[in-house]
Each structure stands twice: as structure tokens, then as C-alpha cells.
Amino acid sequence: MSISTFVSKVIGDKRRWRGYKARSRNLPENHRTAVEAIERYLMHVGPAPADADSAVTMFEDLADLFEQAAADGTSVRAIVGEDPVEFVEVFVRNYTKGGWATKERERLIDAIARAERLEGGDNT
């Protein structure tokens with residue numbers, strides 16, 4: 001990869017991030033507060049997408065969701081439901097395929113299924 005390609009990719013990602021931040025700042029206060037809380041949660045404890053492009057796409061899609069909801073007059077609670085953590089975890093699953101957290105979840109599920117088969121005498 002040439003240096004100009006590398007630099008343009010980095011600047012592009014920064015531009016996309018800045019664009020997302022500008023969009024989230026322009027949301028109505030209640031929607032902006034929710035987006036900021038989701039962003040903070042994802043930055044601290046949420047599973048990370050496999051690459052920077054997926055991460056920026058995820059945040060852009062979050063902005064899309066809340067912009068559309070604000071335009072439609074949809075409440076924050078109607079968007080995230082009764083359990084905001086569950087909402088975020090389901091939302092993030094669309095962006096983490098191939099990431100380490102997804103792989104480990106799949107390994108856990110497979111291991112438990114294998115253990116269950118072994119209990120039943122099935123050694124496959």
C-alpha cells in the first residue's frame with residue numbers, strides 16, 4: 001500500500017468519524033443524549049467491530065437510526081426498548097462478525113453443544 005493510499009484511508013476514516021459526531025450533535029437533545037450514552041457504552045464495554053471501517057459504519061448507522069426516529073417523532077424508549085443493553089448488544093452483532101468476541105461466543109456455543117452430545121452418549 002502506497003503512503004498516499006494509507007494517508008487517504010486514515011483521513012477518510014477521520015472524516016467519517018467527524019461527520020458522525022456532527023450528525024449526532026445535531027440530533028434533538030433526547031436523541032443526542034441516548035446516542036452519546038450508547039457511544040460511551042460501546043467505547044468502554046461493548047464488543048468492538050473487527051476493523052476501523054466497520055466501527056465507523058456502525059456509528060454512522062446508529063446516527064441514521066436516531067435521525068430517522070427523530071424525524072418520525074419516535075421516542076428513545078421506542079427505539080431501545082425496555083433493556084438498552086440488550087438493544088446495544090443486538091445492534092452490535094451486525095458489525096462484529098469475524099471479531100474475537102463473536103468467535104469466542106461461537107466456540108462457547110459449539111463446546112456446550114459438544115458436551116451435551118457427549119452426555120447423551122453421542123461421541124461426534
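**Helix H2 and its neighbours**

The axes of H2 and helix H5, residues 84-93, come within 11 Å and cross at roughly 65 degrees. Axes here are lines fitted to C-alpha atoms, for helices over the stretch in contact, and angles run from 0 to 180 degrees between N-to-C directions. H2 is therefore roughly perpendicular to H5; the cut-offs are under 35 degrees for roughly parallel, over 145 for roughly antiparallel, 65 to 115 for roughly perpendicular, and oblique for the rest.

Before going on, the ground rules. This is a predicted model, in which local features need pLDDT of at least 70 and side-chain atom pairs count only at pLDDT 80 or more, while totals for chains, interfaces and linings use all residues. Residues are numbered from 1 along each chain as its sequence is written, and side-chain values use heavy atoms, with hydrogens and water left out. Helices (H or I, at least four residues) are DSSP runs, numbered from the N terminus.

Back to the pair. H2 passes H5 in a right-handed crossing, meaning that the near helix is turned clockwise from the far one by less than a right angle. Ile38, Tyr41 and Leu42 in H2 meet Val85, Phe87, Val88, Glu89 and Val92 in H5, where contact means heavy atoms within 4.5 Å. Seven of the residues in this contact are nonpolar, none is polar and one is charged. Nonpolar covers Ala, Val, Leu, Ile, Met, Phe, Trp, Tyr, Cys and Pro; charged covers Asp, Glu, Lys and Arg; the others, Gly among them, are polar.

On the H5 side, Phe87, Val88, Phe91 and Val92 are buried, that is, under 20% relative accessible area with a 1.4 Å probe, protein chains only. They cover an arc of only 125 degrees around the axis, so they sit on the same side of H5; the arc is that of the directions from the helix axis to the C-beta atoms. The buried residues of H5 pack against H2, H3 and helix H4, 76-80.

Now H3, residues 52-72. The axes of H2 and H3 come within 10 Å and cross at roughly 160 degrees, and the two helices are therefore roughly antiparallel. This crossing is right-handed. From H2, the residues that meet H3 include His31, Ala34 and Val35; in H3, their partners include Phe66, Ala69 and Ala70. By class, the contact of H2 with H3 has 11 nonpolar, one polar and one charged residues.

Last, His31 itself. His31 lies in H2, residues 29-44, and counts as buried because its relative accessibility is 4%. Leaving aside neighbours within four places in sequence, His31 is in contact with Phe66, Ala69, Ala70, Thr74, Ser75, Val76 and Ile79.

Note on methods:
Buried means under 20% relative accessible area, exposed over 50%, partly exposed in between (1.4 Å probe, protein chains only).
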